[in-house]
Amino acid sequence: MTLTVTAAVDLDPALICEIADGSGQAAAAPTAWQPAISGPASGQASGAAVRLAPALLGEVQRRCEQGRAVLRGGEPVYGVTTGMGALAGVRLTGPQQLVHQRNLLLARASGGPPWLAAADVRALFAVRLRTFLSGDAGVSGALCQRLADFLNEGIVPAVPCTGAGSAGEIIPLAHAFGPLAGIGQVLGTGDEVRPAAGALAEHGLAEFALGPKEGIALLAGVPGATALAIRRAADARRATAMMEAAAGLSIAAAGAPRDPYVAVCARGDDILAGVLARLRAFIGDGGPGEGKPSGTKPSGSGHSGTKHSGTKPSGSGHSAGRPAGGVQAPVSFRVAGPVLTQVLRAHGALTAATGRALAGVTDSPAFLDGRFTSTAGFHGIDLAAHCDQLTAALAHAAEVSAARLHRLLDPRVTGLPAQLARTPGPDAGLVTVHKRAAGEIHALRRLATATPVGMIETSGGQEDVQSFAWEAAEKLRGALHHAGVVTACELLAGYQAMALAGRPAPPGCRGVLGWLAGLVEPIVGDRPFGADIERILRAPWPAAGAQGRWPAGGQGE
């Protein structure tokens with residue numbers, strides 16, 4: 001697929017995701033969960049190609065010529081006629097200026113592996129292209145076209161995942177854009193990296209000769225944090241859909257009272273109203289046939305529409321499937337709506353922050369109103385703060401999920417066999433599935449700290465603060481992974497609990513139960529459950545199920 005770009009604003013988050021990996025998921029409804037932690041970085045990418053409209057390139061070139069005319073006037077411009085950082089007071093001679101822009105990409109490439117996945121690097125290139133096409137950077141149309149060439153040829157620079165310890169993103173950006181000029185390395189197959197100069201030659205591209213201000217422009221702003229935040233926001237939409245399904249399944253399996261999910265509880269909060277409506281669609285109203293032992297149990301099935309064995313569980317102190325609690329379920333069940341609402345609210349705030357980063361002035365110096373102006377657009381505190389907010393919301397949601405999972409193992413809460421084992425004692429059941437979740441929670445808690453707190457002076461004090469927005473986006477990647485594992489654990493436990501309950505599943509749960517039945521063999525005894533968790537993590541997530549509405553006649557009906 002080739003996407004034609006006629007204006008900078010065409011490169012919105014959805015189009016950036018389409019260029020990154022062909023998903024176009026940033027603004028769409030959730031459709032599938034993909035693990036937040038990628039495998040080894042690889043140069044293989046399947047995103048869309050880009051065609052830049054000639055009229056757009058012409059306008060970019062016009063702004064470039066205006067900027068270069070100003071540069072010829074002799075006024076000092078940071079990073080163009082001067083050094084950078086603590087050396088900003090050093091004026092460059094004419095011959096030094098001729099090579100300075102390429103030199104900027106050399107020593108600043110001080111990072112190393114692990115490398116970003118190809119799709120993340122492609123998103124970074126797309127965001128950089130968006131900011132250049134606005135004209136603020138004063139770069140040439142030819143440089144914009146070369147960025148598009150890299151996307152279209154599938155050339156993926158080797159860009160460090162971490163170690164961005166500067167006021168902006170100069171270290172990873174030097175790795176990202178040095179290959180334009182034949183500097184540095186690009187990703188090959190598997191874990192391989194190879195010299196960028198050789199990759200250019202293979203694709204029939206010459207080393208790009210950077211013009212005035214084009215080196216510093218490639219290092220400016222926060223395109224990396226913006227790209228990573230856009231990609232992680234897309235992941236978060238899918239993760240939240242699975243979290244809602246897991247919560248709904250646990251509520252139904254425990255036979256929890258439905259009061260906390262009624263519509264009136266969402267008064268004044270439209271986002272909460274949507275979450276509660278989707279939970280109600282999953283769990284039903286708890287009326288006849290829901291949350292009570294069934295008079296007849298479908299032969300060979302623990303819940304409608306799945307392939308579970310009809311073996312009767314033993315060792316429970318209660319009738320199978322009869323909830324043991326009173327008028328209130330444990331708190332982890334009752335607060336599912338507000339907890340999931342906060343994840344959605346944090347996701348919306350991060351999405352808004354990425355929109356501001358795409359539309360705002362992030363170059364420095366930027367060519368604004370006919371002059372080069374030093375800006376603070378590289379700081380990225382907006383992105384850092386909102387990545388952290390979503391990480392914290394995910395951490396809390398995962399902790400609540402793990403707490404519900406633990407309650408599902410308790411006969412006092414569910415009336416089901418201890419630890420959801422078919423034969424408690426001889427079998428351990430799912431107790432270690434909860435312990436896996438506990439380990440993921442422990443790792444996730446270490447990420448839920450304020451990334452911008454703890455600034456470090458660099459460049460002899462010239463760069464005396466940082467926001468670490470790039471690192472905040474990488475922490476969010478880890479948070480999504482750990483929260484995803486916890487969600488998979490809860491889904492597995494809810495699936496087994498419904499199989500043991502001996503009552504029909506609420507109609508709204510049957511779709512997710514059928515989806516799980518296609519991934520997980522009936523649990524009739526102990527086995528290595530890690531493989532089940534991994535299959536749940538990696539399986540496509542049905543679009544209708546992500547909204548709490550499964551297609552009529554679909555799986556589990």
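This is a predicted model: local features need pLDDT of at least 70, side-chain atom pairs count only at pLDDT 80 or more; totals for chains, interfaces and linings use all residues.
**The whole chain**

Let's start with the big picture. The protein has 19 helices and six strands. Of its 557 residues, 56% count as buried. The accessible surface comes to about 20700 Å², and carbon and sulfur atoms hold 56% of that area. If you take the contacts with a separation of 6 or more, 80% of them link residues 24 or more positions apart.

**Helix α9 and its partners**

Now zoom in on helix α9, which covers residues 223–254.

| Partner of α9 | Residues | Packing angle | Distance between axes |
|---|---|---|---|
| α12 | 336–359 | about 165° | 10 Å |
| α17 | 510–517 | about 105° | 10 Å |

How does α9 run relative to α12? The angle between them is about 165°, which makes α9 roughly antiparallel to α12. The crossing of these two helices is left-handed. On the α9 side, the residues that meet α12 include Thr-226, Ile-230, Arg-237, Met-243 and Ile-251. On the α12 side, Leu-340, Val-343, His-347 and Leu-358 are among them. Sort the residues of this contact by type and you get 14 nonpolar, five polar and two charged.

The other pairing has its own geometry. With an angle of about 105°, α9 is roughly perpendicular to α17. Here Met-242, Ala-245 and Leu-249 of α9 meet Val-512, Leu-513, Trp-515 and Leu-516 of α17. This contact has seven nonpolar residues, with no polar and no charged ones.

Look next at two prolines. The peptide bond from Pro-113 to Pro-114 is cis, with omega near 5°. Pro-114 sits in the loop between α3 (94–103) and α4 (118–133). Ser-364 and Pro-365 are also joined by a cis peptide bond, with omega about -5°. You'll find Pro-365 in the loop between α12 and β5 (366–368).

Finally, check out two residues with a positive phi. Leu-420 is not a glycine, yet its phi is about 55°. Its loop runs between α14 (411–414) and α15 (431–445). Is Leu-420 buried or exposed? Buried counts as under 20% relative accessible area, so Leu-420, at 1% relative accessibility, counts as buried.

Phe-468, another residue other than glycine, has a positive phi near 55°. Phe-468 lies in the loop between α15 and α16 (469–501). At 16% relative accessibility, Phe-468 counts as buried too.

Note on methods
Residues are numbered from 1 along each chain as its sequence is written. Side-chain values use heavy atoms; hydrogens and water are left out. Axes are lines fitted to C-alpha atoms, for helices over the stretch in contact, and angles run from 0 to 180 degrees between N-to-C directions. Helices (H or I, at least four residues) and strands (E, at least two) are DSSP runs, numbered from the N terminus. Angles under 35 degrees count as roughly parallel, over 145 as roughly antiparallel, 65 to 115 as roughly perpendicular and the rest as oblique. A crossing is left-handed if the near helix is turned anticlockwise from the far one by less than a right angle, and right-handed if clockwise. Contact means heavy atoms within 4.5 Å. Ala, Val, Leu, Ile, Met, Phe, Trp, Tyr, Cys and Pro count as nonpolar, Asp, Glu, Lys and Arg as charged, and the others, Gly among them, as polar. Buried means under 20% relative accessible area, exposed over 50%, partly exposed in between (1.4 Å probe, protein chains only). Accessible areas come from the Shrake-Rupley method with a 1.4 Å probe; for residues, only the protein chains shown count as cover.
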